[in-house]
Amino acid sequence: DDLAVFNKQVDKVMQLYETMLTRHTTMVVGPTAGGKSLVIDTLAKSMTKGFGIKTTLHPMNAKSMTLPELYGVMDPATRDWTDGLISKTFRDLNQHLPEGVREARYIVFDGDVDALWVENMNSVMDDNKTLTLPNGERIRLEDHCKLLFEVGDLQFASPATVSRCGMVFVDPKDLRHKPYYYRWMIMRTKDLPHDEKKAEEDKEYKSRRDQQREILMDLYKKYMDVSIYYALEGIMDDGRQAEAGPLNMLVPMTSLGIVKQCCALFNSIVRVQPGVNDAPEEKRDIMEKAFVFCLSWSVGGCLDANSRKRFNEFMKDLAGGKWCPPGSLYEFQFNVAENAWVPWEKLVTPYKPPVPFAFSKILVPTSDTVRYSYLLDKVVKARMPVLFTGESGTAKTVIMKSYMENGLGDRYTSMTINFSSRTSSLDVQNSIMSSVEKQSGANYAPKGGKKMLVFIDDMNMPFVDKYNTQQPIALLKFVIERAMMFDRTSENPDNIM
């Protein structure tokens with residue numbers, strides 16, 4: 001099975017390569033978690049190492065900007081021309097290469113395709129291979145430069161656009177989640193304390209590493225696949241279809257997203273060390289209980305109340321009483337240090353009024369606030385973005401702000417951005433840039449060498465255009481995935497920050 005998954009991914013890389021031999025514009029299409037970015041990155045690295053053709057990727061999300069910011073704008077009064085991101089990138093990448101230089105440059109449009117911005121690219125995508133700008137300038141697409149679109153679907157693309165492109169479909173069912181878990185397991189056990197110079201000779205290290213890998217793989221086989229299939233498809237561990245069907249997720253999640261969340265929580269709760277306990281049986285005991293806890297909050301974190309009850313019963317039947325708390329999995333925290341299940345109610349602290357007193361800062365501790373504050377802390381410490389979703393009045397904002405004021409410590413700084421229907425991506429970028437300072441080169445970081453936590457309130461509020469895209473959310477997606485933004489205030493919009 002592992003070899004089949006590997007061969008399918010290699011096949012997709014080959015399909016993309018062969019398509020790009022005959023087309024200068026190619027779309028890599030498929031749902032989230034299918035490995036589209038990985039296929040493109042692998043091709044670029046393969047071209048560089050295998051063929052000696054230096055291949056660079058230049059990603060951008062066209063939906064995170066306005067049309068004038070993309071293609072440029074001419075002042076009607078002064079006739080002054082201001083370059084946009086696409087126009088500046090096209091001009092720079094399509095300069096003639098020096099004689100004898102072998103190089104490939106791929107412009108990657110990572111985001112939704114609609115009939116508004118992409119129609120202006122039709123003259124580039126057809127045989128003319130020319131970008132015409134509003135100022136009359138025409139930029140020809142050279143042979144060493146190609147266009148790649150990385151999109152989830154082509155729901156809003158016109159037939160004129162689709163007919164001009166080569167297509168490669170990437171199916172998430174080919175990849176699924178096991179490769180990610182396997183890589184995480186290898187990387188986690190590789191970080192066990194040891195002398196790197198003597199790693200291969202260190203029998204104790206190898207024994208400890210192999211032991212932990214065996215435990216983690218056993219936990220995957222026992223829990224991961226069956227729980228994900230039960231949650232997403234309603235298939236029981238014995239292969240029968242559940243009468244009530246799949247579980248109801250308030251926020252749709254992919255199997256890969258569930259596994260990533262579980263692994264991040266596990267890393268945060270069970271630290272990498274010589275051994276949680278040196279006794280193998282006790283170590284396995286702790287790791288299995290922690291795994292059950294993490295899985296219950298990665299699969300069950302966004303389930304509604306009825307589905308949580310179903311999943312709790314499923315997990316208890318699957319794990320057996322030895323690995324589960326006496327009550328619901330959602331009413332207990334697993335304490336690794338004590339190897340014990342602790343009710344959230346016992347962790348509730350006495351109420352303390354805020355100083356200075358402000359009604360908006362009142363937070364009366366309950367088992368819910370303690371539970372979600374703990375999970376928030378663990379996910380933040382794992383350096384993963386976290387989304388709190390729920391109805392109004394369920395203390396989402398209060399929990400977040402309380403954590404930022406009391407739970408971050410001196411190494412962190414924080415900022416809050418409130419979204420509204422009029423919030424634009426430029427507003428979001430300016431807010432973030434106002435809280436960071438320039439370091440070396442194009443690197444920006446919070447002031448004082450600290451880490452920064454950005455809290456975005458009312459994330460669902462920005463205006464939804466007729467192509468079902470929210471511009472600020474498109475920018476956030478690009479920043480989270482690529483850890484970069486483009487300078488939109490200078491004369492060089494393709495400057496990376």
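## Helix α13

Let's start with a length check: the 15 residues of α13 should span 21 Å at 1.5 Å a residue, and its end C-alpha atoms are 21 Å apart, which agrees. The expected span here is 1.5 Å times one less than the number of residues. Helices are DSSP runs (H or I, at least four residues), numbered from the N terminus. This is a predicted model, in which local features need pLDDT of at least 70, side-chain atom pairs count only at pLDDT 80 or more, and totals for chains, interfaces and linings use all residues. Residues are numbered from 1 along each chain as its sequence is written, and side-chain values use heavy atoms, with hydrogens and water left out.

Of the 15 residues of α13, 11 are buried, so the helix is largely enclosed by the rest of the structure. Buried means under 20% relative accessible area, exposed over 50%, and partly exposed in between (1.4 Å probe, protein chains only). Among the buried residues are Ser-367, Arg-371, Leu-375 and Asp-377. Just after α13, Arg-383 has a positive phi of about 60 degrees.

## Aromatic pairs

The structure holds 21 aromatic pairs. Rings of Phe, Tyr and Trp (its six-membered ring) pair if their centres lie within 6.5 Å; planes under 30 degrees apart count as stacked, over 60 as edge-to-face and the rest as tilted. Tyr-230 and Phe-314 are stacked, because their ring centres are 4.1 Å apart and their planes meet at 5 degrees. Tyr-230 belongs to helix α9 (residues 203-233) and Phe-314 to helix α12 (residues 305-319), so this pair ties together parts 84 residues apart in sequence. Tyr-230 is buried at 6% relative accessible area, and Phe-314 is buried at 5%.

Tyr-372 lies in α13 (residues 367-381) and Phe-388 in the loop between α13 and α14 (396-406), so the pair ties together parts 16 residues apart in sequence. Tyr-372 is partly exposed at 23% relative accessibility, and Phe-388 is partly exposed at 23%. Elsewhere, ring pairs link Tyr-181, Trp-184, Tyr-220, Tyr-223, Phe-266 and Phe-291 into a cluster.

## Arginines

The charged end of Arg-371 sits over the ring of Tyr-372, 5.8 Å from its centre. Such a contact needs NZ of Lys or CZ of Arg within 6 Å of the ring centre and within 35 degrees of the ring normal. Arg-308 lies over the face of Tyr-330, 5.0 Å from the ring centre.

Arg-188, in helix α8 (residues 178-190), is buried at 5% relative accessible area. A polar atom of the Arg-188 side chain lies 2.9 Å from the backbone oxygen of Val-270.

Technical notes. Helix = DSSP H or I, 4+ residues; strand = E, 2+ residues; numbered from the N terminus. Polar contact = N/O pair within 3.5 Å; in protein donor to acceptor, adjacent residues only side chain to side chain.
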